[in-house]
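Let's explore this structure together, one question at a time. Have a look at it first, and then we will work through some answers.

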Amino acid sequence: MILQLAITGLMVGMVYALMALGIVVIYKCSSIFNFSHGAIVAFMCYLAWAFLVQLRLPFWTAALFLLVSAIVLGWIIQVGILRLLIGQPLLASLMVTLALMQVFGGIVTLVWPGPARFYPEIIPTGIFNVAGAVISYESLITLGVCVLAFLAFMYFFQSTKLGLAMRGTAEDHQLARSNGIRVVQMFTLAWIIAIITCSLGGVLIGNMHGVNYEPVSGLAMKALPAVMIGGMESVVGALVGGLLIGIFETIGAGFIDPLVGGGFADVFPYIAMIALIIFKPYGLFGYEKIERV
Amino acid sequence: MSKRPSGNFETSYAQDIAICHTGFQQVVMALFLVCLLIIVPLVSSPYILSVFNIIGITIIAAIGLNILTGYAGQINLGQAGFIAVGAYMCAIMTTHLHLSFWLALPLAAIITGLVGTLFALPSLRVKGFYIAVTTLAAHMIIMWLITHGGNVTGGVEGLAADPPRFGDFIFNTEQHYYFLIIGLTVLLTYAAKNLVRTRFGRAIIAVRDNDLAAPFLGINVFRYKVMAFFICAFYAGVAGALMAGYYKMITVEYFPMLDSIWYIGYLIVGGAGSIVGTIFGVVFLKLLSQIVMWGGPLLGEVVPIFSAGAVSGLMQFTFGVIIIIFLIFEPRGLWHRWQIALSSMRIWPFPY
């Protein structure tokens with residue numbers, strides 16, 4: 001039982017960690033918290049379905065199309081909307097992503113209404129047993145893809161020149177500019193990276209739970225407590241926060257739900273988050289901000 | 001911004017903050033109130049009155065939110081959750097405890113205020129974005145408690161509420177509710193307008209503008225933040241109790257997460273930090289949603305693949321686009337445009 005819960009928690013947690021990474025990348029660079037993450041994940045999930053099923057593209061062509069649309073979307077959002085709002089107060093930067101959430105939610109409801117859809121079988125199905133715990137190939141591959149993606153992004157941030165430029169942008173905009181980094185281009189890059197993680201997460205979640213707006217965007221928004229717990233500026237924090245939320249949630253579902261009735265898993269991360277905000281406001285790995293008048 | 005064509009010549013603070021500065025303004029205000037409270041309910045059809053009623057309830061909750069978000073600068077993404085608390089409190093008190101609606105309404109409002117205060121406690125340590133996230137979590141937690149409240153809240157099936165009544169006279173038509181809702185809206189708008197012109201109002205504006213500098217002016221920042229939260233949730237509670245009485249049957253579906261975002265949207269469109277602006281924002285977006293409700297099926301006919309999700313999808317989409325447009329082109333909202341229009345009307349035909 002505990003092994004089973006731990007393994008499920010780990011898999012779900014890795015997906016949350018990947019989603020949290022997408023939010024952290026944007027927040028680090030441009031101090032904008034992307035509330036539209038869940039909606040964009042759902043949108044990309046539907047877009048992938050449209051490429052695979054409606055246009056009947058082969059898998060790799062569809063993947064390429066999805067990548068291109070992620071890049072175009074990131075560029076449009078940054079250049080068309082967010083660049084015009086730089087320097088506006090917190091309410092504006094918060095509300096613009098909430099409005100984007102509405103826009104993407106609206107597009108999905110308009111274009112693909114109705115019940116859940118399903119991907120054709122991209123990943124072989126099947127299950128096997130390890131010491132009494134049931135593991136499916138799907139979740140194993142999901143886990144693998146998430147770990148690979150995480151390693152790839154870690155490598156990008158730690159060891160490439162572009163990644164260094166992005167980290168510099170996250171530190172300080174003015175210092176980055178005086179070192180010849182094009183800060184606004186880094187914002188665009190951050191959005192593109194985030195939307196690529198969105199597409200990955202969208203396909204993985206859609207493969208597990210069906211292509212459906214509410215559950216997919218809801219699952220992706222679990223990244224919110226993950227990011228808050230991990231600390232908003234930290235990639236490691238995203239990983240740890242995501243895994244913690246995944247484990248909290250499965251433990252909540254396994255042990256607390258039978259006591260209080262279903263659905264506690266859905267609020268448990270938020271209660272944990274509020275408790276953490278009160279005692280350790282900047283999360284486990286976030287920067288503590290010191291303000292002066 | 002000039003209040004008179006020749007300039008302002010106020011000699012006291014009271015004159016400066018007066019609602020009506022000239023006799024003409026007083027006459028216009030009086031005419032407006034007579035129209036709103038007497039002529040409109042007598043001549044309008046039930047459909048129009050129902051739109052007014054929903055706008056009235058929304059204005060009450062949005063004004064509360066404006067005091068917290070627009071004046072005190074604390075972003076609240078959980079207003080729908082607080083409204084739900086008010087609605088359920090009112091329904092529980094009238095259905096389970098058999099209290100009169102007139103007692104349940106203020107009690108529900110006060111209890112909602114206290115719930116709001118509870119979620120204001122993190123503001124002792126954090127601010128800005130973190131407060132927004134706390135209120136978002138508050139919405140989730142409140143909704144979970146309501147769905148799992150068993151017989152007390154009726155779970156997902158919802159709860160019936162007793163309509164307001166005076167003896168044998170029961171409020172059961174749109175017109176009856178119009179007098180109740182619009183009457184309370186006018187009263188609470190006036191109360192809010194007065195509130196933000198007092199010491200409390202000036203203090204929360206100071207907290208909004210710079211909460212590091214505010215303590216040096218002798219303002220207890222935490223206390224005023226908590227008070228602002230209380231007032232915001234109190235207004236939400238009144239709106240919720242009115243909703244419970246108006247719909248007679250409430251379920252969690254009346255209080256989606258989406259509504260909390262719409263409430264912030266009202267402030268953006270109307271103008272955050274302006275009581276009158278809130279009214280502009282609510283009226284503008286509510287009328288827009290009426291237009292979308294008519295236009296959605298039309299779009300569905302023109303483009304058949306859109307037909308199934310036309311109204312809800314188009315509503316969300318339009319709302320998002322309107323908010324983005326306002327944020328980019330007029331972040332100060334319709335209220336600011338109204339001021340510009342008024343002052344250019346005063347000095348007309350001169351362009352200065």
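Q: Which backbone oxygen lies 2.6 Å from a polar atom of the side chain of B:Ser50?
A: In this predicted model, B:Ser50 sits in helix α3 of chain B, which covers residues 46-71. A polar atom of its side chain lies 2.6 Å from a backbone oxygen, and that oxygen belongs to B:Tyr47.

Q: Is B:Ser50 buried or exposed?
A: Leaving aside residues up to four places away in sequence, B:Ser50 touches B:Glu174 and B:Tyr246. The cut-off for buried is under 20% relative accessible area. B:Ser50 has a relative accessibility of 15%, so this residue counts as buried.

Q: How much of the area buried between chain B and chain A do carbon and sulfur atoms give?
A: Let's start with the contacts: 49 residues of chain B meet 48 residues of chain A. The area buried between the two chains is about 4100 Å², and the share from carbon and sulfur atoms is 82%.

Q: How many residue pairs are in polar contact between chain B and chain A?
A: Salt bridges between these chains number zero. For residue pairs in polar contact, the count is two.

Q: Which helix gives the largest share of the side of chain B that touches chain A?
A: Helices α6 (129-147), α10 (257-270) and α12 (310-329) of chain B each supply at least two residues of that side. The largest share is 13 residues, and it comes from α12(B).

Q: How many nonpolar residues does the side of chain B that touches chain A have?
A: Sorting that side by class gives two charged and 11 polar residues. The nonpolar residues there number 36.

Key
Residues numbered from 1 in each chain as written. Chains lettered and ligands numbered in written order. Predicted model: local features only at pLDDT ≥ 70, side-chain atom pairs only at ≥ 80, totals over all residues. Heavy atoms only, no water. Contact = heavy atoms within 4.5 Å. Buried area = accessible area lost by both parts, 1.4 Å probe. Salt bridge = Lys/Arg side-chain N within 4 Å of Asp/Glu carboxyl O. Polar contact = N/O pair within 3.5 Å; in protein donor to acceptor, adjacent residues only side chain to side chain. Helix = DSSP H or I, 4+ residues; strand = E, 2+ residues; numbered from the N terminus. Nonpolar A, V, L, I, M, F, W, Y, C, P; charged D, E, K, R; others polar. Buried < 20%, exposed > 50% of the residue type's maximum accessible area, 1.4 Å probe, protein only.
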